[in-house]
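Q: I'm new to this one. Can you walk me through it?
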Amino acid sequence: MFRFEIKKVFSRTGSRIALGMLVLILAVICWFAADVSYVNEKGDTEQGLSAVRSLREAQKEWAGVVDEEKVRQVIRENTRIRNSPEYRSEDVRQQEIAYSWGQGIMDLRRLLNCFYEENFRSYDYYLADGLSEEDAPEFYGNRVRLLREWLSGEAKDQFSDAEKEYLIREYEELKTPFYYDYMKGWEQLLEYSPTVIMITVLILGYLVAGIFSGEYQLKADAVFFSSLYGRNRATAAKVQAGFAIVTGIYWVQIALYTAFVLLYLGADGANCPVQITLWGWKCFYNISLWQAYGLAVLGGYLGCLFLTFAAMLTAAKSRSAVLAVIVPFAAIFLPSFLSDIPWQNLGKVLALLPDRLLQVFNALPLFELYNFGGRVAGAIPILFVVYVVLTALLPRVIYEVYRRTK
Amino acid sequence: MELRLSEVTKNYEKVTAVDGISCTLTRGVYGLLGVNGAGKTTLMRMLCTLQKPSSGKITWEGQDIFEMGGAYRKLLGYLPQEFGFYPEFTVYDYLLYIGSIKGLRPAAARQRAQTLMKQVGLFQERNKKMRKLSGGMKRRAGIAQALLNDPAVLILDEPTAGLDPNERIRFRNLISELSEKRIVLLSTHIVSDVEYIAGRIFLMKGGRIVLSGTAEELTDCMAGKVWDCLVPGEKTGMYLKKYKVSNVKSVHGGSQLRILSEEPPAAGAVPEKPSLEDVFLYYFGEKAGDEDVPV
Ligand SMILES: Nc1ncnc2c1ncn2[C@@H]1O[C@H](COP(=O)(O)OP(=O)(O)OP(=O)(O)O)[C@@H](O)[C@H]1O
Ligand SMILES: [Mg+2]
């Protein structure tokens with residue numbers, strides 16, 4: 001039965017086209033993720049694998065513990081470059097040459113822009129240029145100071161005292177000094193993960209939508225339900241087939257994506273903290289890059305299962321594959337429209353919608369907190385708990401709904 | 001082997017599709033004859049546990065079929081009127097799949113599917129996709145599907161629709177063969193489908209069984225009501241208006257009419273032996289169907 005259910009899905013021409021599209025879109029995303037350029041000492045821009053190699057080499061020179069001395073070195077090197085005749089030249093090629101020297105410290109220089117900011121919410125690309133070596137000792141302290149200032153100023157009313165304490169504690173608990181390494185692979189991998197996951201969910205939604213509406217559409221339901229196992233095992237086989245298709249395709253997709261990006265760009269820097277990146281420097285979850293990616297793909301899987309189960313349930317109830325396909329679409333695209341509604345608790349609700357699971361990458365740096373009787377927790381762990389429970393319940397619900405149809 | 005219906009009724013919002021039907025079915029072929037909307041499909045869907053009666057009870061060997069659930073469905077073979085299938089499956093795969101949901105083991109399903117494909121004349125087409133079959137071939141696949149689990153209760157909703165005369169004869173023979181060890185209930189608009197093979201025929205109208213009996217019993221009660229007479233051409237119209245006429249044949253000097261009437265319709269009318277079609281026409285009031293034009 002299970003085998004035939006799978007066969008039903010993949011014998012449809014539409015399914016085959018959808019699978020083809022999935023492969024095609026993944027290839028395009030990989031192409032974007034792999035787009036790295038490097039400017040060499042002559043000022044020429046390189047692309048492709050050679051650019052990756054050169055960039056990696058340049059940044060590897062700065063790999064190591066980011067202690068005060070390292071911060072000093074970065075500031076010194078940055079100042080040296082800014083004061084060089086090449087940097088100050090009007091000639092574009094000379095400027096490019098100056099730029100080429102800065103690629104090794106690019107990541108760390110960006111971090112200076114963040115940590116020495118006036119204000120938690122601003123970002124000034126040229127800020128690092130105004131730093132001197134005497135500023136180095138304040139490097140890590142700044143991050144906590146900026147948070148404290150923000151919490152007692154601009155964000156005073158956004159958080160309860162317990163939440164403020166929680167955030168500051170998490171900030172203080174971050175292990176410093178950081179370890180820095182070349183990390184382009186992980187950064188790109190994380191950045192494009194929401195796109196890969198969302199596309200996969202939409203296509204999987206399309207693939208499985210027909211499992212529970214097909215019999216009605218084809219008018220094969222009378223034979224199905226009047227058969228011995230129609231209302232039990234054959235229904236269970238449908239749920240299992242949906243689960244197997246979603247699980248199989250999702251993980252193949254993730255494996256292909258991960259393998260390509262990490263093989264092409266390199267897997268170095270897996271243990272760097274997310275706070276060492278421009279994207280994650282404010283993040284209050286103290287995790288490393290590989291852990292963040294792990295959360296992203298696990299969250300993606302959970303969200304994917306939840307939404308495709310929801311689509312199957314819709315199909316079982318409404319007997320319409322079209323309605324079912326709309327479910328994942330709505331779940332992904334509606335929240336961005338909802339965000340305009342002026343309602344103070346909206347943020348708390350939006351942060352727990354299933355689309356967040358598909359974009360853990362975007363959700364990780366957000367300050368979304370929940371209080372339970374004095375305990376404070378971030379949105380991400382809550383999302384996981386809530387959706388593990390819901391997702392575990394859904395197959396049973398689908399089964400019961402479908403087998404009881406008249 | 002006993003399938004008993006007692007006061008089975010099915011109401012939809014506006015219509016009562018099946019209205020208090022009681023009868024007992026045992027081994028043999030039963031023909032359900034009725035015009036469109038008589039309630040045949042509704043009755044059959046209830047017998048297949050697809051719909052619950054609004055009131056009344058259906059029992060198998062004394063047990064309510066809805067309470068029996070799987071135990072009853074195991075005994076059931078059903079060919080729906082609107083028979084849907086999986087267009088991308090081959091005939092063979094289709095039968096294997098239905099075999100699996102009917103609880104056949106894979107090896108048994110393979111063997112059974114092959115036997116049945118031969119029996120219904122689809123063996124040549126076994127590797128063709130279902131969507132590429134002709135209408136009649138699909139119907140045959142439907143019949144094969146219903147027989148997969150060797151059902152004790154075989155319910156066929158218009159099984160002969162779309163079959164060519166050869167196939168129809170073949171089908172009749174198949175059903176006769178099958179009826180030896182099971183209950184076969186088949187619905188049709190086509191009198192000749194059931195005339196020879198059905199042990200008992202139910203005439204259904206407006207959700208009720210208006211008449212039932214063997215073909216002879218049904219025709220016997222029409223004895224003396226069927227007349228053959230020759231009328232002049234210009235009077236044909238008048239006769240058609242006044243009487244139920246089951247056949248009109250133009251002959252030299254007028255029309256030869258087969259008229260249903262208690263009294264002789266004209267001087268010189270000759271009594272005829274009634275056929276089942278005459279019965280159908282008499283009860284359903286309109287023009288009786290011939291083989292290819294359903295009522
Ligand atoms: N799902 C439904 N909802 C409402 N009314 C229905 C439904 N199904 C059937 N009916 C009505 O019940 C009556 C009996 O329909 P049914 O399909 O049982 O007739 P039938 O004898 O099988 O006709 P046919 O020869 O056309 O197949 C009809 O008046 C029909 O309109
Ligand atoms: Mg019908």
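Q: Is B:Gln81 buried, partly exposed or exposed, and what is its relative accessible area?
A: B:Gln81 is partly exposed, at 33% relative accessible area. Buried means under 20%, exposed over 50%, partly exposed in between (1.4 Å probe, protein chains only). This is a predicted model: local features need pLDDT of at least 70, side-chain atom pairs count only at pLDDT 80 or more, and totals for chains, interfaces and linings use all residues. Residues are numbered from 1 along each chain as its sequence is written, chains are lettered from A and ligands numbered from 1 in the order written, and side-chain values use heavy atoms, without hydrogens and water.

Q: What coordinates the magnesium ion (ligand 2)?
A: B:Thr41 (OG1) and B:Gln81 (OE1) do, at 1.8 to 2.1 Å. Donors are N, O and S atoms within 2.8 Å of the metal (3.2 Å for Na, K and Ca); water is not among the atoms, so sites may look incomplete.

Q: Where do B:Thr41 and B:Gln81 lie in chain B?
A: B:Thr41 is in helix H1 (residues 40-47), and B:Gln81 is in the loop between strand E6 (76-79) and helix H4 (91-101), so the pair ties together parts 40 residues apart in sequence. Helices (H or I, at least four residues) and strands (E, at least two) are DSSP runs, numbered from the N terminus.

Q: And B:Thr41, buried or partly exposed?
A: B:Thr41 is partly exposed, at 23%.

Q: New topic. Which residues of the second largest cavity's lining can you name?
A: Among them are B:Leu5, B:Cys23 and B:Phe202. A cavity is a set of points on a 1 Å grid over the protein atoms alone where a 1.4 Å probe fits but cannot get out; lining residues have an atom within 4 Å of a point.

Conventions: 1 Å grid on protein atoms, 1.4 Å probe; cavity = no way out; pocket = protein on both sides within 12 Å on 5 of 7 lines; lining within 4 Å.
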